[in-house]
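I opened a predicted model today.

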Amino acid sequence: MFSLKQGHRIFIVIGCHQAAMNIMEKEGANVADCLYSIAVHEMLSGRFRVILEGSTERVLHANLQPKVVETYEPMQTRHAKNVVLDILNNSKNHQRHVIYSASMIMSFTYGKITLTSYTDPKVIDMNRFSVHLGQAVRLGAYLVDAYPILHFVPGYLSQLKAWHREELAFYNGQLDAHEGTARPFFKQYQLRDKEVAFLEGVIFGASSDATASIITIMMMAGATHKDVQACIQEELNGVMGCTQLLMFADQDMLPQVTVFMLKSLRWRPVSLGGFVHRTIKDIIWKSYLIPEGVTVIGNHWAITNDPEVFPEPHRLNPQCWIDNAGHVCGDLWFFTFGFGHQVRPGQHLANQSVFINMALIMWAFHPSENSAVKIDTLAFLDTANIHAAPFEICFVKRINENVIRELCAPGK
């Protein structure tokens, strides 16, 4: 754990598992505040972005609880089957196909049934907005957060203001276009028009971007760890065979798939730097004082590579998280979706999406490296949620193609 100072602002960076548990989890109520950003909250978001502002968070929490998320399973399965068909038809674009989340989120939010591809202009626009947010949330990206007087410098924040106008116009247009099919929870709460408009964007940015990144990381992990892949597929053979698709109800019988998900998230965490918090009171940990009002960051990469908790941290070994009875160990704990009181409300929806996608991909294919072009498993783009740099995977069919197409066909 170490501290940094920028002007009058103090940052505490946590890089070990025990400190994260004691400070970010046990003291979670005292580090629950978000760091206010003029650039992000005011200029880019107009104070309406729920993941950072919290003004409409009750809508997300109420409709993303585990029991409610179970009702979305048929929709998630439908879109995951489409990802399998997309890979079957064009495996070279596998990283683009997992933008599956965009079509699923469109259905979740607006009741849109038509499957959306990565070439859909709406998907391209929404991904661009996620890139804008990722650029703006980086600490130090805009000096106005350290020196608020810059807020009054003509033209200094014009780019953020332009992005905000573009984003708001897009979301308003989507609401108008889907007025008759939008999910009813939009209308159950007394939200302002801008809050309703940004709700869809928040759901996409928080869920779709991260989910697509996680699925890509898991395809990379499967392709580069043949022994792990073999264990998963042996388990899938025993539960599903070759002539039927799995259902979410089968998950309890698939511990290998579950620990593969968990271990991959530890192996390559989707948020390397973690999320920013602010203390609301003094915290004492060992001989350290963390003062009220400072910024606290749990660095996911450092925490996941803590050798005291994760021996051989760069090795992907899911078997160590399965007990002697063949069940997933109950003491697994990691912070993919945040710490303490700031765990992201979409975690259950994201976990379900990742599970059904990876199970179906591993059922249908043997993903493997091209022997001539090895995958660099440490090559990632510089974005808020990490995305793997372009890499090649060979998808060899392990199930008869006609069977795959029949079982994954729309309406099946």
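Entry 1, salt bridges. I started with E312 and R315, whose side chains meet in a salt bridge at 3.3 Å, N to O. I looked up accessibility next. E312 counts as exposed because its relative accessibility is 54%, and the cut-off for exposed is over 50%. R315, at 44%, counts as partly exposed.

I then checked K374 and E369, which form a salt bridge at 3.7 Å, N to O. K374 is exposed at 58% relative accessibility, while E369 is partly exposed with 21%. A further salt bridge joins the side chains of E401 and K397, at 3.7 Å, N to O. E401 is partly exposed at 29%, and K397 is partly exposed at 40%. I noted six salt bridges in the structure. D125, R128 and E166 are linked in a network of them.

I looked at α9 (residues 121-137) and α10 (residues 158-177), whose axes come within 11 Å and cross at roughly 145°. I recorded the crossing as left-handed. Among the residues making the contact are D125, R128 and F129 of α9 and W163, E166 and F170 of α10. I sorted the contact residues into seven nonpolar, three polar and five charged.

The largest nonpolar core has 55 residues, and F260, I361 and W363 have the most contacts inside it. Helix α15 gives the largest share of this core, eleven residues. I followed I361 beyond its neighbours within four places in sequence and found contacts with V83, V84, I87, I215, M219 and F395. I also noted a second, separate core of 15 residues, including I14, I283, I303 and F339.

Note on methods:
Residues numbered from 1 in each chain as written. Predicted model: local features only at pLDDT ≥ 70, side-chain atom pairs only at ≥ 80, totals over all residues. Heavy atoms only, no water. Core = buried A, V, L, I, M, F, W, Y, C linked by side-chain atoms within 4.5 Å. Buried < 20%, exposed > 50% of the residue type's maximum accessible area, 1.4 Å probe, protein only. Helix = DSSP H or I, 4+ residues; strand = E, 2+ residues; numbered from the N terminus. Contact = heavy atoms within 4.5 Å. Axes fitted to C-alpha atoms, helices over the stretch in contact; angles between N-to-C directions. Left-handed = near helix turned anticlockwise from the far one by under 90°. Nonpolar A, V, L, I, M, F, W, Y, C, P; charged D, E, K, R; others polar. Salt bridge = Lys/Arg side-chain N within 4 Å of Asp/Glu carboxyl O.
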